Amino acid sequence: MTLVIPKGFPDAQFADGHPYDLYAAIRSQGRMVRHPDLPRGAAAGRGTLWVVGTHAEVRTIAADPVTYRSGDGILIPEMDLTYDSPPTIMHTDPPGHTRYRGLVAPAFRPSVLRGLESAVRERVRVLLTRFERNVVAELAVPLPLQVICLMLGIPEDDWPRFFRWSEAIVPGAVEMTDEERNTLRVEAGMYLVGEAHRRRADPRGDVISQLARSGMSPHQGTAEMGGDRLTDAELVMFLIQLLVAGNETTRHSISGGLLALAEHPAQWAALRSRPELVPSAVEEILRWTSPVVYFLRTATRPTSIGGVEVAAGDRLMLLYGSANRDASAFGPSADHFDVSRRSDAISLAFGFGPHFCLGAALARTEIRIVLEELLDRYSSLEPAGPVSYNGSSVVTGLKRADLIFH
């Protein structure tokens with residue numbers, strides 16, 4: 001059988017969003033397909049790269065951090081890199097990951113999210129009063145950034161600067177030189193660690209204060225976690241991830257979901273006639289958009305998955321968008337957008353297992369409120385021109401989409 005995976009995948013395949021036809025071809029070749037860029041065995045010095053596009057296998061690998069670790073890099077360009085400290089929580093494994101996750105988890109407790117709901121709704125309403133045409137720039141970009149600013153305790157007027165930083169951090173999200181990216185990353189880190197230092201001396205009821213002062217007694221001047229000092233690099237790791245993960249995926253889900261509803265007017269009509277479908281519509285939007293393209297795992301021991309023998313050191317590329325269109329999980333209608341979908345399969349848009357996204361409930365809240373406010377105001381959504389995508393092979397989504405609300 002001829003391999004369908006093009007050389008260089010996934011770098012050049014996302015100009016128009018997820019390449020679903022390619023995903024289907026990959027799934028048709030088996031549960032694990034060898035990537036052509038990395039030959040089998042030690043000849044390449046780093047084992048085989050397997051592409052995993054089926055729901056069951058992606059879920060199985062994601063659920064087992066002992067056999068399939070994240071600490072050796074989660075993106076293809078990182079396979080030959082080592083870090084003095086992990087750049088994100090996603091680059092860690094238990095028990096370290098468990099400790100890190102425990103530190104930031106209180107910011108996403110149900111009680112905290114319930115307290116944010118009215119603030120989110122207020123911001124959606126203000127944005128809708130100003131809405132003209134571009135659902136990305138006028139709604140999907142500012143909303144999650146404003147909410148993140150609120151949670152971090154920084155001025156919401158700073159969200160355009162946060163947007164610029166976020167775009168610089170996500171590979172391929174915007175055309176930018178390496179020098180420009182590095183400058184913006186350093187700028188973001190300096191800003192955030194500066195805010196953390198200020199909150200240690202003058203804490204408030206926000207996430208930066210929580211992280212900056214974690215583990216501190218009234219007489220301590222440094223943050224600690226499990227007996228280890230939380231360094232400035234670790235503080236930046238947490239805050240950068242909150243900035244990026246808290247807005248990029250939610251943005252693409254909101255804009256992609258509204259485009260899907262505009263392109264499928266019967267689905268919008270179904271929501272209008274049955275508002276009780278909003279929760280299932282949120283889940284369908286997440287499955288349909290699947291903004292995160294892939295993450296890697298590294299096998300820690302010889303194993304077998306999907307009938308394929310995997311050697312220790314082999315890399316596995318988990319294709320979340322492919323898994324979320326797998327008919328073996330979501331049935332023969334997996335390629336159709338259906339706000340009333342009922343399925344025993346779990347969408348993998350937020351990952352699975354220990355690395356399941358901490359901000360999933362917040363993202364669901366924002367998407368739900370956007371739908372509720374639109375349903376309360378408009379009888380129909382209509383596409384108003386061609387759309388464009390960011391082209392990123394890491395976090396993919398719309399760059400521009402014009403919609404008309406009636």
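Predicted model: local features only at pLDDT ≥ 70, side-chain atom pairs only at ≥ 80, totals over all residues.
Trainee: Which way does strand 1 run relative to strand 2, and how many bridges join them?

Mentor: Strand 1, residues 33–34, runs antiparallel to strand 2, and two bridges join the pair. Within strand 2, Trp-50 is the bridge partner of Arg-34.

Trainee: In what sense do strand 2 and strand 9 pair?

Mentor: Strand 9 spans residues 315–319 and pairs with strand 2 in the parallel sense, over four bridges. For Val-52, the bridge partner in strand 9 is Leu-318.

Trainee: Turning to peptide bonds, is the one from Phe-9 to Pro-10 cis or trans?

Mentor: Read omega for the bond: from Phe-9 to Pro-10 omega is near 10°, and the bond is cis. Pro-10 sits in the segment before helix 1 (20–28).

Trainee: What is omega for the bond between Pro-94 and Pro-95?

Mentor: Omega there is about 5°, and Pro-94 and Pro-95 are joined by a cis peptide bond. The loop that holds Pro-95 lies between strand 3 (68–69) and helix 3 (96–104).

Trainee: Is phi positive or negative at Ser-290?

Mentor: Ser-290 is not a glycine, yet its phi is positive, about 35°. This residue belongs to the loop between helix 13 (278–289) and strand 6 (294–299).

Trainee: Why does Ser-290 count as buried?

Mentor: Compare its accessibility with the cut-off: buried means under 20% relative accessible area. Ser-290 counts as buried because its relative accessibility is 1%.

Notes
Residues numbered from 1 in each chain as written. Heavy atoms only, no water. Pairing = 2+ DSSP bridges. Buried < 20%, exposed > 50% of the residue type's maximum accessible area, 1.4 Å probe, protein only.
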